[in-house]
Amino acid sequence: MTYSRITGTGGYLPDKILTNHDLEKIVDTSDQWIRERTGISKRHIAVDGQNTVDLAEGAARRALEAAGRDAQDIDLIIVATTTPDRVFPSTACLLQKRLDRHGCAAFDIQAVCTGFVYALSVADKFIKTGAAKCALVVGAETLSRVLDWTDRGTCVLFGDGAGAVIVEASDEPGILSTHLHADGAYESLLMVSGGISQGYDSLKDGNGYVTMKGNEVFKVAVNTLGRIVDETLEANNMQKSDIDWLIPHQANIRIIQATAKKLKMSMDHVVVTVDEHGNTSGASVPLALDVAVRDGRIKRGETLLMEAFGGGFTWGSILLKF
Ligand code: ACO
């Protein structure tokens with residue numbers, strides 16, 4: 001049987017840091033409120049001229065280096081992003097050009113904060129069917145560009161960044177199962193209401209920015225992530241105690257703690273970056289993975305559960321042997 005194995009990880013964060021204290025000067029908020037309600041203390045923000053593809057390239061090059069691969073080895077590029085540089089070409093094509101890799105399939109996936117889980121799941125199918133052997137999968141976002149910096153309910157939550165993995169065909173177990181879901185009935189709870197098809201004017205008057213009914217999103221997120229943990233364990237005939245590491249989407253420390261509690265997992269086995277990165281949407285899971293691989297916490301052969309929840313609503317999980 002052919003498996004998809006992660007052979008290298010990479011992350012990239014813009015140098016510019018925005019602390020909670022910096023935000024106190026922009027909107028009516030406090031460091032204490034943000035830390036208590038979300039667990040966030042700072043986030044990285046892309047500077048003018050620094051776009052999603054720049055962050056994606058940084059993460060991709062580090063993942064290639066970690067895997068001991070050259071860009072010419074890649075036969076599939078998928079970028080998960082909700083904040084592409086252009087309407088078209090896709091960010092994946094822009095990244096392909098940067099890497100000087102010509103001819104292989106390259107496309108974007110848009111599933112907001114679940115984007116990387118969707119993208120890695122698609123790459124897994126390509127590899128399992130023999131359509132690809134060495135895929136570059138990136139989650140990259142400049143969410144700061146779709147934030148209303150006068151709305152304290154949203155602007156304190158997000159940050160910019162990118163994470164990437166190289167996934168290769170292998171006889172050894174890697175990805176064990178992937179689980180993807182969506183329910184568009186919830187579109188109004190979390191969205192950017194304007195868009196290209198409605199005409200450029202639809203992006204004016206605040207309609208080009210994230211709006212969120214945070215409290216309602218919170219409740220659905222906690223319940224949904226609890227259910228997907230059960231679904232994933234059942235599909236693999238595994239017990240909660242079989243999971244070595246939980247790598248959750250980094251939206252809010254309270255949502256992460258609720259999922260860890262559901263797994264009866266000590267927070268020592270949960271990778272948390274929300275304090276330092278904020279919510280980087282599609283980049284948060286691969287960034288968290290990269291941090292814990294590089295600092296030596298996650299080791300080869302361990303069992304990892306990745307999960308995410310985001311706008312759409314979309315949600316999903318991946319269980320894998322690292
Ligand atoms: N600073 C100070 N006060 C604030 C701030 C702020 N930044 N933001 C809101 N408040 C106030 C509100 O106005 C409200 O005041 P009131 O009681 O006088 O009306 C009070 O704080 C409580 O507001 P709530 O919205 O009820 O606060 P809550 O505890 O729910 O926390 C939060 C808000 C952090 C947004 C939380 O609901 C959350 O994390 N939601 C889920 C976010 C998420 O998971 N999103 C999905 C992924 S994102 C994606 O897909 C793009």
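Start at Gly 214: one of its backbone N or O atoms lies 3.0 Å from an oxygen atom of the ligand. That is a polar contact (a pair of N or O atoms within 3.5 Å; within protein, one must be able to donate a hydrogen and the other to accept it, and residues adjacent in sequence count only if both atoms are side-chain atoms).

Before going on, note that this is a predicted model: local features need pLDDT of at least 70, side-chain atom pairs count only at pLDDT 80 or more, and totals for chains, interfaces and linings use all residues. Residues are numbered from 1 along each chain as its sequence is written, and side-chain values use heavy atoms, with hydrogens and water left out.

**Around the ligand**

Stay with the ligand and select Gly 311. A polar backbone atom of Gly 311 is 2.9 Å from a ligand oxygen atom. Next, select Arg 152. Here a polar backbone atom sits 2.9 Å from a nitrogen atom of the ligand.

Turn to the side chain of Arg 152. It meets the side chain of Asp 28 in a salt bridge, 3.7 Å from N to O. The term means a side-chain nitrogen of Lys or Arg within 4 Å of a carboxyl oxygen of Asp or Glu. Arg 152 lies in helix α6 and Asp 28 in the loop between α1 (20-24) and α2, so the pair ties together parts that are 124 residues apart in sequence. Helices (H or I, at least four residues) and strands (E, at least two) are DSSP runs, numbered from the N terminus. By the salt-bridge rule the count comes to 12.

**The two domains**

Colour domain 1 (3-172) and domain 2 (176-321) separately. These bounds come from an automatic or database domain assignment. Their C-alpha centres lie 14 Å apart.

Select Cys 113, Val 117 and Tyr 118. They supply 16% of the area that domain 1 buries against domain 2, more than any other three residues. What links the domains in polar terms? There are 22 residue pairs in polar contact between domain 1 and domain 2, with both residues at pLDDT 80 or more. Salt bridges across this interface number zero.

**Backbone stops**

Go to the loop between β4 (76-80) and α4 (91-98), where Pro 89 is found. A cis peptide bond joins Phe 88 and Pro 89, with omega about -5 degrees. Then move to Phe 313, in the loop between β12 (303-310) and β13 (314-321). The peptide bond from Gly 312 to Phe 313 is also cis, with omega near -10 degrees.

Finish at Asp 205, in the loop between β9 (190-192) and β10 (210-212). Its phi is near 55 degrees, a positive value in a residue other than glycine. Most residues other than glycine have a negative phi, and most peptide bonds are trans.

How values were computed: Buried area is the accessible area (1.4 Å probe) that two parts lose on being put together, summed over both.
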